[in-house]
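I opened the model today and kept notes on each look-up. They follow in the order I made them.

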Amino acid sequence: MIRPPLMLLRPTFFRTTVAKTQSRRAGGFPPSMNAKKNKFCEEWNGRREITEHRFEVDQKKVPPIFMLCIVIPFGVYFWVRGEMISKDERQYREIC
């Protein structure tokens with residue numbers, strides 16, 4: 001008996017499968033072990049996200065920014081450099 005061509009293709013094209021839901025368990029932890037949000041961390045994260053929108057520079061903020069970003073780092077650099085010169089450190093002579 002000769003089978004029709006459609007019957008020969010039936011096992012591959014007309015196979016019915018049952019959809020199975022996947023259980024995703026991150027690291028093998030059960031779903032009952034959910035992460036609990038800390039309200040203080042969430043508030044800090046929200047403030048951190050909007051800081052760039054709320055930060056404005058005016059005349060009162062310029063001197064502290066100048067001190068913290070320019071004067072103090074250069075002061076520390078020159079102080080450490082002076083200490084290394086006065087102690088005659090070997091590493092400093094090799095660098096300069």
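The entries below run from confidence and fold to contacts and surface.

**Ground rules.** I am working with a predicted model: local features need pLDDT of at least 70, side-chain atom pairs count only at pLDDT 80 or more, and totals for chains, interfaces and linings use all residues. I number residues from 1 along each chain as its sequence is written, and side-chain values use heavy atoms, with hydrogens and water left out.

**Confidence.** I checked pLDDT (the predictor's confidence in each residue, from 0 to 100). The protein chain averages 77, and 64% of the residues score at least 70. Helix 1 (residues 5–13) has the lowest confidence, with a mean of 56, while helix 3 has the highest, at 92. Where pLDDT is low, predicted coordinates should not be read in detail.

**Fold.** I counted 4 helices and 0 strands in the protein chain. Both are DSSP runs numbered from the N terminus: helices are H or I with at least four residues, strands E with at least two. Along the sequence the pattern reads α-α-α-α.

I took accessible areas from the Shrake-Rupley method with a 1.4 Å probe; for residues, only the protein chains shown count as cover. The protein chain exposes about 10300 Å², and carbon and sulfur atoms supply 61% of that. How much of the chain is buried? Buried residues make up 1% of the 96 residues. The classes are buried under 20% relative accessible area, exposed over 50%, and partly exposed in between.

**Salt bridge.** I searched for a side-chain nitrogen of Lys or Arg within 4 Å of a carboxyl oxygen of Asp or Glu. The count is 1 salt bridge. Arg 47 and Glu 43 form it, at 3.2 Å from N to O. Why are they about one helical turn apart? Because they sit 4 residues apart in helix 2 (residues 39–54). Glu 43 is partly exposed at 43% relative accessibility.

**Cysteines.** I looked for disulfides (cysteine sulfur atoms within 2.5 Å) and got 0. Cys 41 is partly exposed at 46%. Cys 69 is exposed at 55%.

**Aromatic pair.** I paired rings of Phe, Tyr and Trp (its six-membered ring) with centres within 6.5 Å; planes under 30 degrees apart are stacked, over 60 edge-to-face, the rest tilted. I found 1 aromatic pair. The rings of Tyr 77 and Phe 78 have centres 5.0 Å apart and planes at 70 degrees, so the pair is edge-to-face. Tyr 77 is partly exposed at 47%, and Phe 78 is partly exposed at 49%.

**Nonpolar patch.** I joined residues with over 30% relative accessible area and no salt bridge: like charges within 9 Å, nonpolar side chains (Val, Leu, Ile, Met, Phe, Trp, Tyr) within 5 Å. One nonpolar surface patch covers about 1200 Å², and its members include Phe 66, Trp 79, Val 80, Tyr 77 and Phe 78. Val 80 lies in helix 3 (residues 62–87) and is partly exposed at 35%.

Notes
Buried means under 20% relative accessible area, exposed over 50%, partly exposed in between (1.4 Å probe, protein chains only).
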